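Open the model in your viewer and keep the selection tool at hand. Each stop below says what to select and what is there.

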Amino acid sequence: GLPAGVALIGILVGICALGFTATGITAGSVAAKMMSAAAIANKGGVAAGSAVAVLQSIGAAGFSLGAKIGLTSTLGPLGAAAGAKLL
């Protein structure tokens with residue numbers, strides 16, 4: 001299977017591809033549509049801790065150490081299991 005570090009990079013690339021980037025949310029992107037829907041639902045603002053807020057934080061700064069540890073511990077065994085099935 002893939003090393004967990006590769007999976008972490010893939011997730012970050014995917015988040016950026018949605019439009020959650022280091023420079024903010026990309027106009028016309030999936031992220032922009034998500035932000036618009038969240039703002040409408042919350043009467044003008046995006047709630048702290050919401051999916052949009054978390055994804056933008058990741059897109060802007062990458063993963064925190066805690067997120068890396070959590071994802072590595074989750075994805076590592078999954079990658080090993082997937083790799084074992086392929087062989």
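**Before selecting anything**

This is a predicted model, in which local features need pLDDT of at least 70 and side-chain atom pairs count only at pLDDT 80 or more, while totals for chains, interfaces and linings use all residues. Residues are numbered from 1 along each chain as its sequence is written, and side-chain values use heavy atoms, with hydrogens and water left out.

**Stop 1: the whole chain**

Helices (H or I, at least four residues) and strands (E, at least two) are DSSP runs, numbered from the N terminus.

Now colour by pLDDT, the predictor's confidence in each residue, from 0 to 100. The chain averages 75, and 61% of the residues score at least 70.

Of the 87 residues in the chain, 23% are buried. Buried means under 20% relative accessible area, exposed means over 50%, and partly exposed lies in between (1.4 Å probe, protein chains only). The chain exposes about 5400 Å², and carbon and sulfur atoms supply 74% of that area. Accessible areas come from the Shrake-Rupley method with a 1.4 Å probe; for residues, only the protein chains shown count as cover.

**Stop 2: helix α2**

Select residues 30-41, which form α2. The helix has 12 residues, and at 1.5 Å a residue they should span 16 Å; the end C-alpha atoms are 17 Å apart, which agrees. The expected span is 1.5 Å times one less than the number of residues.

Which residues of α2 are buried? They are Ala 31, Ala 38 and Ala 39. These residues cover an arc of only 100 degrees around the axis, which puts them on the same side of α2. The arc is that of the directions from the helix axis to the C-beta atoms. An α-helix has 3.6 residues a turn, so residues three or four places apart point the same way.

Turn the helix over. On the other side of α2, Lys 33, Ile 40 and Ala 41 are exposed. Lys 33 has a relative accessibility of 57%, and its C-alpha atom is 9.7 Å from that of Gly 19, 14 residues away in sequence.

Go back to the buried side and select Ala 39, which has a relative accessible area of 18%. Not counting residues up to four places away in sequence, Ala 39 touches Gly 44, Gly 45 and Val 46. Contact here means heavy atoms within 4.5 Å. Between the C-alpha atoms of Ala 39 and Val 52, 13 residues apart along the chain, the separation is 9.8 Å.

**Stop 3: the two ends of α2**

Select Ser 29, in the loop between β2 (24-25) and α2. Is Ser 29 buried or exposed? Its relative accessibility is 12%, so Ser 29 counts as buried. Ser 29 caps the N-terminal end of α2, with a side-chain oxygen 3.3 Å from the backbone nitrogen of Ala 31. The side chain of Ser 29 also reaches the backbone oxygen of Thr 26, at 2.6 Å. Apart from residues up to four places away in sequence, Ser 29 touches Leu 18 and Gly 19.

At the other end, just after α2, select Lys 43. This residue sits in the loop between α2 and α3 (51-61). At 79% relative accessibility, Lys 43 counts as exposed.

**Stop 4**

Select the buried residues of α3: Val 52, Leu 55, Gln 56, Ile 58 and Gly 59. They cover an arc of only 160 degrees around the axis, which puts them on the same side of α3.

Finally, select Thr 21 in strand β1 (residues 20-21). Thr 21 counts as buried, at 17% relative accessibility. Leaving aside neighbours within four places in sequence, Thr 21 is in contact with Cys 16, Thr 26, Gln 56, Gly 59 and Ala 60.

Technical notes
Polar contact = N/O pair within 3.5 Å; in protein donor to acceptor, adjacent residues only side chain to side chain.
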